[in-house]
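Here is a short briefing to read alongside the structure. Have the viewer open and follow along as we go from single residues to the whole fold.

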Amino acid sequence: MWLIMAVLSAFFAGITSILAKCGIRKTDSDVATAFRTFVVLVSAWSMVWIVGSYHTISALTAKSLLFLVLSGMATGGSWICYFKALSMGDINKVVPIDKSSTILSILFAVILFGETEHLAIKLIGTAILTTGIYLMVEKKQDSGEKGGGKWKFYAVLSALFAALTSILAKIGITGVESNLGTAIRTGVVFVMAWLVIFMKGKQTQLKQIDQKELVFLSLSGITTGASWLCYYYAIQNGIVSVVVPIDKLSIVITVAFSYLVFHEKLRKKAFAGLLLMALGTLVISVWS
């Protein structure tokens, strides 16, 4: 079941990228992120109410609550650092560093959780996945960088926080109903996203969101919530070093829908990278 949930997480995450792209053509990205987080929060707590897991809130231990909050903070920190890096550096340099969170997550899982079974196969799959990520990055001429090389610092922090998110969530969600754990984490991300909005004085822009984009942002928030619910169920019940790379296969879904919706085509090099990412993930998930 956790493998199925990991695949569903990747599917919903892939669709989220397409819906979000349709929703930020005119809307500021910070404003869009804050609104989407609100939708995710409503979706997550609605699921808690539907399955009745709110009854277990009183059974939460201090340790679980602490690590769930830390996991939410890591998610929020990853988002903030990622978009900060993008604003300062070239996207084709920032993205591969951010994607290295997959490799970090696998290494952390092996070291902290002792997920050393079939270690050689995991390392081979990780190497293939890494090569695929590298090839997926289209090389383009720089248009200039702001702030020197500071973007590298933020890009590395983004990858580190993203990797820590999975590890901290795995610890925090132990013995906690997965939907409840996801809802608590989402609450933390929601607070961080809205703090950014108020700190930058962008709260007035919420009233200016285009009606059509509002629909796409709402749908992307719902699919994000669905992805997170599936992902943290898989994290709780499965093997972190297997779940994380499967979740990263969302890029395959995104590329497929980009071709169908936006008619965007991949170059041969990027397509080869996509195939390697899929192959690396299959090696890790099937033979591990």
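This is a predicted model: local features need pLDDT of at least 70, side-chain atom pairs count only at pLDDT 80 or more; totals for chains, interfaces and linings use all residues.

- Thr126 sits in helix H6, which covers residues 119-136.
- Thr126 counts as buried because its relative accessibility is 9%, and the cut-off for buried is under 20%.
- Setting aside residues up to four places away in sequence, Thr126 touches Ile103, Ile106 and Ile284.
- Leu107 is 19 residues from Thr126 along the chain, and the C-alpha atoms of the two are 9.8 Å apart.

**Asp247 and its surroundings**
- Asp247 belongs to helix H10, made up of residues 240-247.
- With a relative accessible area of 15%, Asp247 is buried.
- The side chain of Asp247 makes a polar contact of 2.7 Å with the side chain of Ser9.
- Beyond its neighbours within four places in sequence, Asp247 is in contact with Ala6, Ser9, Ala10, Ser227 and Tyr231.

**Helix H8 and what follows**
- Helix H8 runs over residues 178-199 and has 22 residues, so at 1.5 Å a residue it should span 32 Å.
- The end C-alpha atoms of H8 are 32 Å apart, which agrees with that expectation.
- After H8 comes Gly201, where phi is positive, near 65°.

**The whole chain**
- Along the sequence the pattern reads α-α-α-α-α-α-α-α-α-α-α-α.
- A compact globule of 288 residues would have a radius of gyration near 19 Å, and the 18 Å of this protein agrees with that.
- Taken along the principal axes, the C-alpha atoms fill a box of roughly 55 × 55 × 35 Å.
- Of the 288 residues, 48% count as buried.
- Where contacts join residues at least 6 apart in sequence, 91% of them link residues at least 24 apart.
- The protein exposes about 14,100 Å², and carbon and sulfur atoms supply 69% of that area.

Definitions and conventions
Residues are numbered from 1 along each chain as its sequence is written. Side-chain values use heavy atoms; hydrogens and water are left out. Helices (H or I, at least four residues) and strands (E, at least two) are DSSP runs, numbered from the N terminus. Buried means under 20% relative accessible area, exposed over 50%, partly exposed in between (1.4 Å probe, protein chains only). Contact means heavy atoms within 4.5 Å. A polar contact is a pair of N or O atoms within 3.5 Å; within protein, one must be able to donate a hydrogen and the other to accept it, and residues adjacent in sequence count only if both atoms are side-chain atoms. The expected span of a helix is 1.5 Å times one less than its number of residues. The radius of gyration is taken over C-alpha atoms; the globule rule is 2.2 Å times the number of residues to the power 0.38. Accessible areas come from the Shrake-Rupley method with a 1.4 Å probe; for residues, only the protein chains shown count as cover.
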